[in-house]
Every structure is written in structure tokens, then in C-alpha cells.
Amino acid sequence: MQALVVNEACGTTTVYNLDTLETYTTFKDNSDVSRPNTLCCLENDYCIWANVNKPTLNVFSINRTAQQAKKKVMPGKVQCACVSNDGRLLCCGIGENIMLWDLISGDMIASMSKHYRAIKKVQFVSNSRYIVAAGLDGVISVWSIPHMKESGETHHTEPKASLQLSLQDIADIWCSPCSGAGVKVYVASSKHVRVLDLEKKSIVSAMYFDTNISSICVDECETTLYVGCRNGYICEVDLAIISKDPALSSLKELNLTIDSGHDFISWKTNAHSAEVSSLVVLMGNNGPTFISGSHDNTFKVWDAWSVQCNRSIDLGSAVCSMGHYTFKPSVLDTKHKPSFELPSNFLPSDKGSADGVVDFDTENQKVRDVCVKFDDCVHLILTSTDLEKKVDDLNDIKNKYQKNYEKALDNLIPSK
């Protein structure tokens, strides 16, 4: 079953039939705003995404046996997240740190520190042997998972590679699906897209556009680059033509502005009326298509190169993230059971914290400790829409943890 999963800012995530765009199922969590770059589907079991204002992950069973999200407490507010191809590893950017967990046991495998500003996006590459992280500091860091496991240490500060690709925020990255040599990372920042060769640890090509870029995507064969812009424009770039032309491939930077006149690019200047926040490329029986999600509360399906819009779907709020997933048809059956149960929380072990492996704010950690010790009660608090009940439940905590009560109240109950 081929599906498109769309996560909206309002906290709604919808699973669509990719062929008909009919709705399979919808998950709703209106307690907070969705965080972009955090949407993940764990094989045929779970759909997860993070909140903007709380240190939690929303978790829904794909089969919709539960109508409310389970809240998984995290060490801090999750900025970005991804799951490995085998569904066993969860990687999150939390502040300036990158953290890696075993999804089944909940154990933290490693924490990584190299960036000096928040992490914007993380991705697994080379059959989940490496993690590529992009930060708002303009730095790309690459971390070897086997090396971190073999080292016997939990906290790491020296990545396999680290490059300052820009002095400005990195807007988006896309990584080659291949393994071994030849893995490339496409990095969008400001009006540029730079291509990084992981093996050579250097930039192999660069492209300049005349409008700020917000999202990028490349087809699996790496023949076409799709660029979404903050002003709603979309550009397609034929990478195959560029690679075959020595005059083009040898240029330090390609000028791909709207008036550049190149026949290997195609601009759609009225694609959306607001920022293009997410792009997905598909290879169908009738040729390649791509889907664009936008802050104008729509997503659209396009024919590649003709750039004709085949379908436009109106939504209730801005698109945060989108993803193409393959599910078993049985997952929508309420009798379908997940292959494993997720741990109640993803927090550092006592040993790791004592050794100073992860340096979190002490007071906020005390609040999260309250959540761990009273998991069932706090889960009720977070999912309840009844403000008075939230206060009553927190009063139960107050009697036992007086010192942390005010901080728990501030963290768990939004101000009116």
C-alpha cells in the first residue's frame, strides 16, 4: 500500500492513498503546534512527530486503535527527527545536540556535540551506518554509528567529517540513498544549493538561484533536483545534462536564475502563494511526479518537467512535513498489533547523567523526572483538553513534589 503522509502545523497528520489521494486515516493532536522535520513512520507500526512547545513526541498506532496520542517524554524540545531504514534507531536534534536511541529498549546509544546553534535536520545514510546533521550554524556534520558503538563511550565531540558550508542557516538537506562510495549530500542555504561528496569530504558542485530556498528533493537516480522557494516558486534542474557537459560540470558555481536562459531548468513561478515547506518525488508507471507542500495550506501533485499541476488538496493549516511510505494493507485493520512496544520515555540513563555525558538544564530535568515517576498521570494531563482537570491532576503531583510543582505547571499547561 503506497501512502503519502502529511503533517500539518495544527497537529493533524493524514495518511493518503497515493494513487487516489483518498484519506486512509487521520491522527489529531491539537494540544500543540507540530515541529517541521520531525514526521516519521516506524514501518507498519507507529506514526510520530514532535511538538514545538513541549519536550514530547506524539505517537499514534497506524491502525488507530487509540484515538489520542501517547506522549513520549524527551530530554528537551525536539527540533528534528528521523528513523533508520530498519526501524530500530531514532535520531533527534535537541538544541545543539544530536541524540541516538534504540527504539525498542529506549536506551540512548550516543549523544553528539559539534554544532553551536540548533540542529535543523538529521538523516541516516549508507544503510544507517552514518548520521548526517545540518545546523542553523551552517555546519554539516557526519557521524559513524559503528565507530561510536565500538568506542565504548556515550558522548562524542569528533565527527567523521565536519564542514562549514555556509555562514547562514541551512534550510534543508537531501542525502543519496546509495551506500558506500559516492554518497552525496545536497545542502540548501539562502539562495544556494551545494553538493557535498561524503567520501571526498568536499563540495563537488554549487548552484545559485535568485530567490531564497526553503526545501529541496532529488529523485532516487539523482537525475533531477527539485527546489522549493520561500516565495512559493518551484524549480526543476536536470542534473543528468549538467553531469554530461564538461563545460557546465567544471563551473565553480552554476547560475540558475529565472532569466539565465538554460534549457535544463524549468521554473514554476506561481506554484504556491507561500513558502514551499516540503517536497516528495515519486516514480510512477506514467513517469516521475513530485508533490509540494506549502504554508498556503495546500499540497499539490505535479507532472515532472511539464510542471503541470494534476491535483491540489486544501488543508486546515500549513504543511510542516510530508513523506512517502509503503505499508502493509493489514495495518489499517484494528486487529493489527505493532511488532514492538515503544518505551514510555526517551531519557538519558542515570549512569550517563551522573558521568556528565549529557549536559541538560538541571531544573528542566527535575520537571522531566516528575513526568517519568508519574507517567500515567502526566500522560493524562498532556492529552486532556479539560484545563481544570489538568490542574487537579497536577495538584496530586504537588503534594509529593512541592518544589517542582510550579515548573511542572509552567511546562505542562499553556498560558491562556
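How many of the six residues of strand β10 (residues 97-102) are buried? Five are, and the strand is mostly covered. Buried means under 20% relative accessible area, exposed means over 50%, and partly exposed lies in between (1.4 Å probe, protein chains only).

This is a predicted model, in which local features need pLDDT of at least 70 and side-chain atom pairs count only at pLDDT 80 or more, while totals for chains, interfaces and linings use all residues. Residues are numbered from 1 along each chain as its sequence is written, and side-chain values use heavy atoms, with hydrogens and water left out.

**Overall**

The protein chain has eight helices and 30 strands. Both are DSSP runs numbered from the N terminus: helices are H or I with at least four residues, strands are E with at least two. Of the 416 residues of the protein chain, 55% count as buried. The accessible surface comes to about 18500 Å², with 46% of it belonging to carbon and sulfur atoms. Those areas come from the Shrake-Rupley method with a 1.4 Å probe; for residues, only the protein chains shown count as cover. Contacts are heavy atoms within 4.5 Å. Among contacts between residues at least 6 apart in sequence, 49% join residues at least 24 apart.

**Around β10**

Strands of a sheet pair through backbone hydrogen bonds, either parallel or antiparallel. Here two strands pair if DSSP finds at least two bridges between them. With strand β9 (residues 89-94) it pairs in the antiparallel sense over six bridges. L89 stands opposite D102 in β10. The β9-β10 hairpin has two residues between its strands, and G95 in the turn has a positive phi of about 65°. On to strand β11 (residues 108-113), β10 runs antiparallel, joined by five bridges. W101 stands opposite M108 in β11. The β10-β11 hairpin has five residues between the strands, and G106 takes a positive phi near 85°.

**Two open sheets**

Within it, β18 (residues 184-189) and β19 (residues 192-197) are antiparallel over six bridges. K184 has D197 in β19 as its bridge partner.

Another open sheet has four strands in the order β21-β22-β23-β25, and its pairing is antiparallel. β21 (213-218) and β25 (265-268) are the edge strands, each pairing on one side only. The twist averages 15° from one strand to the next. Axes here are lines fitted to C-alpha atoms, for helices over the stretch in contact, and angles run from 0 to 180 degrees between N-to-C directions. Five bridges join β21 to β22. V218 has L225 in β22 as its bridge partner.

**Aromatic pairs**

Rings of Phe, Tyr and Trp (its six-membered ring) pair if their centres lie within 6.5 Å; planes under 30 degrees apart count as stacked, over 60 as edge-to-face and the rest as tilted. The count comes to nine aromatic pairs. Two are tabulated.

| Pair | Centre distance | Plane angle | Class |
|---|---|---|---|
| Y226 and F290 | 4.8 Å | 45° | tilted |
| Y325 and F327 | 6.1 Å | 15° | stacked |

Y226 and F290 link distant parts of the chain. Y226 lies in strand β22 (residues 224-229) and F290 in strand β27 (residues 287-294), 64 residues apart. Y226 and F290 are both buried. Y325 and F327 are buried too. Elsewhere, ring pairs link F27, W49 and F60 into a cluster.
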